[in-house]
Amino acid sequence: MPSFEGSVLSSCAASWVLSQLLSNSLVRSLSARFVKIGIVELPNLVIDFLFGPAVGGIFAGVMDILKYLANPAGPFFPGFTISAVAGGVIFGFFLYGRKLSIKRLVVAEILVKIFVNIGLNTLWLNILYHKAILAILPARIVSNILQLPVDILVIYMVLQSIDKTMKPAFENQSSIKFGK
């Protein structure tokens, strides 16, 4: 039986491959220069759910850099890596080691959308492209509000499936207790 650490690495590698497929071929985000809509972060959320905020944050940061190296779109900016880590930590904090619930997912999703997507990422865009925050903020707020119910529905359905299929396999290998 593989070690828990090996399972974490294998799961992270598989999630990276899935993320690349989603972002490069299966799902093209609808995007404008300052607004993106898509579900390419779904593999990150699975890692946050299964392994918690520490692994989720590290994975999100490494993924951000690897995705840029694999498919550079514009200049690299470390602020977006900070945002990725922050999102992974927030989702991991709310989803790891607890029973999956819509309420917890909604709170995590709202926090990420407000503080990371609308807050930090708008700041990074301002620094990177020298655009007035008030000029790009309205479109970013609207896109995040419109994406919220879609994200919650898709993430909840995927995590329910993961909760029933993959999570039990990790519970049997680890001294870490899932659920309370």
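Start with the charged pairs: the structure holds 3 salt bridges, a salt bridge being a side-chain nitrogen of Lys or Arg within 4 Å of a carboxyl oxygen of Asp or Glu. Before you select them, note that this is a predicted model, in which local features need pLDDT of at least 70, side-chain atom pairs count only at pLDDT 80 or more, and totals for chains, interfaces and linings use all residues. Residues are numbered from 1 along each chain as its sequence is written, and side-chain values use heavy atoms, with hydrogens and water left out.

**Stop 1: Lys-113 and its partners**

Select Lys-113 and Glu-109. They form a salt bridge whose closest N and O atoms are 3.0 Å apart. Both sit in helix 4, and because they are 4 residues apart there, about one helical turn separates them. Helices here are DSSP runs of H or I with at least four residues, strands are runs of E with at least two, and both are numbered from the N terminus.

Through shared partners, the salt bridges join Glu-109, Lys-113 and Asp-151 into one network.

Are these residues buried or exposed? Lys-113 and Asp-151 are both buried, where buried means under 20% relative accessible area, exposed means over 50%, and partly exposed is in between (1.4 Å probe, protein chains only). Lys-113 has 7% relative accessibility, so it counts as buried, and Glu-109 counts as buried at 3%.

**Stop 2: Glu-41 and Lys-67**

Next, pick Glu-41 and Lys-67, whose side chains meet in a salt bridge (3.0 Å, N to O). This pair too links distant parts of the chain: Glu-41 is in the loop between strand 2 (36-37) and helix 2, Lys-67 is in helix 2, and they are 26 residues apart. Glu-41 counts as partly exposed because its relative accessibility is 39%, whereas Lys-67, at 16%, counts as buried.

**Stop 3: a nonpolar patch**

Stay with helix 2 (residues 42-70) and select Leu-66, which lies in this helix. With 35% relative accessibility, Leu-66 counts as partly exposed. Then extend the selection to Ile-58, Val-62, Ile-65, Leu-69 and Phe-76, which together with Leu-66 make a nonpolar surface patch of about 540 Å². Patches are made of residues with over 30% relative accessible area and no salt bridge, with like charges joined within 9 Å and nonpolar side chains (Val, Leu, Ile, Met, Phe, Trp, Tyr) within 5 Å.

**Stop 4**

Which loop holds His-130? Look between helix 4 (102-129) and helix 5 (133-165). Phi of His-130 is near 60°, a positive value in a residue other than glycine. Most residues other than glycine have a negative phi. His-130 is exposed, with a relative accessible area of 69%.

Pro-78 is in helix 3 (residues 78-95) and counts as partly exposed at 46% relative accessibility.

**Last stop: the whole chain**

Zoom out to see 6 helices and 2 strands, running α-β-β-α-α-α-α-α from the N terminus on. Buried residues make up 41% of the 180 residues.

Technical notes:
Accessible areas come from the Shrake-Rupley method with a 1.4 Å probe; for residues, only the protein chains shown count as cover.
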